[in-house]
Amino acid sequence: MSNAIIPLLLDSLASAALIFFAAVGLTLVFSVLRVLNVAHGSLYSIGGYVAASLCLFIASRQLNPYLSFAALLFSAVFVAAIFGPLIERSLVRWTYGKSEAVQILITFGLFLMLEDLQRMIFGVQSFYEDAPMRLLGTLTIGGVVYLNYQILLIGMALLVVISLRLLVNHTRLGRLITAVVTDREMAQSIGIDTNRIFILAFSLGVFLAALGGALATPTSGIAPGLGADTMVLAFAVAAIGGLGQIEGAAVASLIVGVARVLAIYLVPSLDAVAPYAAMLVVLLIRPYGLFGSMTARRI
Amino acid sequence: MRTIVAASAVLILAVLPVAAPWLQFVLTLAIAKGFAALGVAVLLRAGLISIGHAMFFAASAYGVAFLARAGINDLGLLLILSVLAAALLGAIAGLFLVRYRAIFFAMLNLAVSMVFYALCAKLYSVTGGTDGMTVPVPAVFGVVLGEPTFKSVLFYISLALMLLVGLAIQRYLNSPLGHALAAVHSNEIRLEYLGIPVWAVLLVAYVVSAALAGLGGAIAGFAIGRVVPDFAFWTASGHLVLIAVLGGIGGVPGAFIGALFLELLHSVAVTVTDAWNLIVGLTLIVVIMFLPQGFYGLFSRKEASSL
Amino acid sequence: MTFKGISIVVARCLSSFDLLCRLDRGLPQSNLRLVVDGLVGALAIGVVATTPAAAQEKPSSLGLGIFTFTSGPAAAYGMPGKNAADLMIDEINAKGGIEGVPVSATYVDEAQGAQGVIAEYRRLAGDAKNQVMIAALSSANCLALAPLAEQLEVPTVGWNCDTHQLLMDGKSKYVFRPNGNTVPEFIAYAIYLLERKPDVKTVAIINPDYAFGHDAAKIFTAALKALKPDVEIVAELYPKLGSPNYQTEISRLTTVRPDVVFSNLWGADLENFVRQATPRGLFASSQVVLALGETVLQRVPLPDGVIVGVLGDGWWMSPDAGANPETVKFGGAYKARFGEYPVFPSIKMANTLIYVKAAYKAAMQKNGGKWPTRAELADAMKGSTVATLTGTAQTRADNDGLVDQIVGVTVKTPAQQFPVIGDMVRYKGDSLMPQAGQDPLAWIATLNPEFAKSLPKPGSYK
C-alpha cells in the first residue's frame, strides 16, 4: 500500500483541483451576495463549451496550438463578461432581501433555462479538444504516469486561492467587498456603490465557474447533464468548507477529493457516495461548515 | 361556487382518460407528483425549503419494489406500507433536520437526499443500480388484474386519494398545528414564548410532508412500473418545489394544479419543441416575480400564503 | 346532458391537439381525419381504443417507434444507430416501402430516463399505426420496456438490447432480439484473449455501473475462470455511466499493474477513457480489451494490438460484409451522408430494420397477402432466419437471437486513416450460446480448455 500513497495523494489533489474552481466561485458569490446560485453549475459547463469550441476552432485553422491555453483563459473571461452582469442585473438583484426559497427557485429557473440554451447553441453531442493536454506531455511519479496538465491544474487551483486571498486582503476592491460582506447597510451608508460590488463579485464567481469548466475540457469531454452534476458537487464542497469561505472551499475540495480517491482505491462501489457522505457528516456536526460560523461572516 | 369549480375539475379529470387513453398515464403521474409537491408546500408554509424531498418520493417507490420482491402483492397493503416507510424515514431525518432553518435546512435536505441517491445508484446488487427495480402489477383487493385494467384502477384510486388526502391535509392546515406553520415563518420566537414547541410543530409537518411525498412516489412507481435512482436526484427535488410554487402554496389544490399544468404542458411541448426546460424555467421565474401566490392565487378569493 | 356536452368538447379539443401534434410528422390528411373520428368514436361508445384484432387493409404508412440515445454522452453510440435508421428507411421507401407501405419513424431519446421513455412508449403504442417498436439501446431501458411490450402486445425488437436478462424467462411473446446477447459476446472475448495471450495471470476490469457493465464483468470473469482457473481479478471498477473523468481510475489501474485491462465502456465514456488513458501509458503497460472499441476507431487514435470487437458480426469491413454488394453500398452511402463510415451500432440498426422488413414479408405470405396484425407480425418473427448485411440473424424459440461473433485486434492499414480490425476470428453464433432456458452462468462454468480448442483460431477469419 505504501507505494500507492504518492499516487493516491496526487490523484486526490488533481481531483480536488477540478472541483475547486466551481466550488470557490459558488462560495464567493454566496458570501458577498448572500444568494446561493443554483445555476452555477451551468456556467461551469458553458465555460467548458466555449473553451472547447474555441480550441476546436484553433485546431481547425491550424493556428499555433499553444494559443489554446490562451483560449481556455479567454473563454472564462468571455463567459464572465457576458453572463455575470446580465444575470446579476436581470434576476439575482431582484432577489436581494427576499427569502432563501425565492432565491433558490429563481436561480433554479435560470438553471433550467441555461441547460436548454446550451443544448440549442452547442448541440447535444459530447465534444472535446485535448490539444492543451497533449502539448504538455507526461511525467512519471511513483511508477504511475501522470499528465503534466493535471499538475498544471493543481498549480492553477493554488494560484486561485492565493490570488483571491490577496485580492480580498490587499486591494481596494477587496476591502470594499469585505465592507459589504461585513455590514451591507453600513457599507452603503458610507457611500460604497454596493450594486457595483455585487456585479463585480457575481462576475468573478461566474469567471471562476467558467474557468473550472474551461480547464476541465482538455481532459474530459463535455456533454449535457454536466452542469447538474457539477452543481451538486460544487455545492457539497462549498457546504463542507462553510458557505462563504475561500480557504474552506480549498480544504473541502481536498476532503472530497481524498474521500473519492480513497473510495476508488478501497471500496470502488461507493465512489459516488463519498462526497455526499462527507458533506452529510460535516453538516450534521457543524451545519455552518468547517470554516463557517453563524455570526462572524468572513471572506 | 368554489365547490362547483372543484367538483367539475375532478369530473373533467375523471373523463379525460376515456377520451384520450394515453392521457391516463400522464394524469396519474401528475397526481403522484401533486402529492409530493403538496408535501413540499406544507414545509414551504413554514418558510422551509427542502431540496431533498424527492428522496421520500423515491424511498417509497423503492419500498414498493422491495415489498413486492418480498412477496407482498396487494395494492392497498403496498401503498400503506410504503407510505409508512416514507413517513418513518421522514421522522428519522426530521429529528435531525428540523433544528435547522433557511439555507441550512435546504442544504441538509439536499445532502441527505444525495447520499440516498448515490447509494441507490451504486448498490447494484441490492437496488439494481441505475437500472432500478421493477414495480410489478399488484392485485387490487385480491383481484388479479391485467396491466391496462390495473392502470385504469390506479388512476381512479389516485383520483379518489387526491380528494380524500387533500381534504385531510386541508383540515390539518386549518388546525392550530397547521396555523402554527405560518407562525414559524413569520415569527418563530413569539411562538416559543407562547409555549408552543416549534420543533414538534415542524417535526409533525416534516413527517406529513414525507408521507405525502411517499404516497406520490408509490403511485408513480406503480404507474411507471419501475423505480430508478433518478427519482431522488436533486433536480427532481427542485422540480417538486417548482410544482408547489407554480401551483401556489396557499391551498391544497395548488400543488395539484401545478402538477397537472406542468404534466399536460409537457405532453404538448415534447411533440413541438425540445426546449421544455427553457419553457418551465421561464414560467417559474415569471410566476415567482409576478404571481407569488401561484396559479392557485388566481382562484382563491382571500389572501393566500405566498413565499 | 351538460356532462355529455362537456365531454364532447373536451374530446374535440383533445383530438385537435392530437392533430396538431401529428402535423409536424407530415402524415396525410386522411389519417388525421381518422384520428379525430377514432377519438370521438371511442368516447361515444366509451371504449378504450386498442389494437384492432382482425387483419386489416394496408395502411397508408407504417409507423415505427425507434428508441436510441440522441443526446448526452451516450449519443456518441446512439446517433450512428439513428443515422443508419434514417438511411435504411430512406432506402426502403425509395423501393416502395415495406410490402408497398411507406415507413415513417418516430425517434425517442433515451437520455430522458426510464420514466420518459416509458411514457413515450405508451403514447406511441396507443396509436395503432405504430405497429413495431425498435427499442432500445440501453439495457436498462430494454428491461423497463420489455414487460410493457408484453402487456400492450406490441412487437418490440431490441436493436441493441444485449443483456442476457432480457429473455431469460423464455416466456416472451412480443420481445425479440435479432442479436446475440451478453453471454456469447463476452465469452468470445475471454476465448480470444486466452488464445492470443495464454499466460495471462492478472486482469482488471473497468465497466460502466449498470446492468450491461456488471453482467459483462460477471460473464467475462466466469469464462476466464472456467478456461484458466488461475486467472486473478485484481481490480473491478464501475464508474457511473456518463462520467467525464477517469483519471483516478486510470491511476488505480496502473498501480495494480494487471496483465490485462478489460472494459466495456461505450459512447463518449469510452472516447474519454481512451483519450485520458493513452498518454498515461495504460495501453503500453497492459493488454487492453475494449469490447466496444470498434465504435471509436474513427474518432480517437487507438494504438495497435488492442483487442476490439463488434458484439456480434456487424463489422462493415468483414470478409462477409465485403462480399455483400448491399453492405458495400450501405457503407458508401453512410459515409457520403454522415461523413463517417458506419460503426457496429449502425449495422445493428440496419440489420434490425431488415429483420422487421423480412417479418412483414413472412407474415403476409402466411396470412394470404393481408396486412398483418401486431400478433401475426410477432408470430412471423418467432423462429425466423434472416439474411442481414453482415451475416444471418436466427431467432430461437425463446425469441433470443443467434448471430456470429467477430473479435480481432487493431491494426494499421494503408487503405484507411484509422486503424481497422485484423487477426480476426468469427465464432459461430450457436457455439457460444447456452440452450434456451439454461442458466448462463452455470453453463459457462462447464466450459473447459478443450472447448476453446475446438473453436476457430485468431486470424482464421480472412
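Helix α1 of chain B (residues 2-19) contains 18 residues and extends 26 Å from its first C-alpha to its last, close to the 26 Å expected at 1.5 Å a residue (the expected span being 1.5 Å times one less than the number of residues). Helices (H or I, at least four residues) and strands (E, at least two) are DSSP runs numbered from the N terminus. The model is predicted, with local features needing pLDDT of at least 70 and side-chain atom pairs pLDDT 80 or more, while totals for chains, interfaces and linings use all residues. Residues are numbered from 1 along each chain as its sequence is written, and chains are lettered from A and ligands numbered from 1 in the order in which they are written. Within α1(B), the buried residues include B:L13, B:L16, B:P17 and B:A19 (buried: 20 or more other C-beta atoms within 10 Å of a residue's own, with C-beta atoms placed from the backbone).

Turning to chain C, 7 strands make up an open, mixed sheet in the order β7-β6-β8-β9-β10-β14-β15, where pairing requires at least two DSSP bridges between two strands. Its edge strands, β7 and β15 (420-427) of chain C, each pair on one side only. Strand β14(C) (residues 405-411) joins β15(C) in the antiparallel sense over 6 bridges, and C:V407 stands opposite C:V425 in β15(C).

The contact between chains C and A draws 29 residues from chain C and 32 residues from chain A (contact: C-beta atoms, placed from the backbone, within 7 Å). On the side of chain C that touches chain A, α8(C) supplies the largest share, 7 residues.

Key: A residue is buried if 20 or more other C-beta atoms lie within 10 Å of its own, exposed if 12 or fewer, and partly exposed in between; C-beta atoms are placed from the backbone. Two residues are in contact if their C-beta atoms, placed from the backbone, lie within 7 Å.
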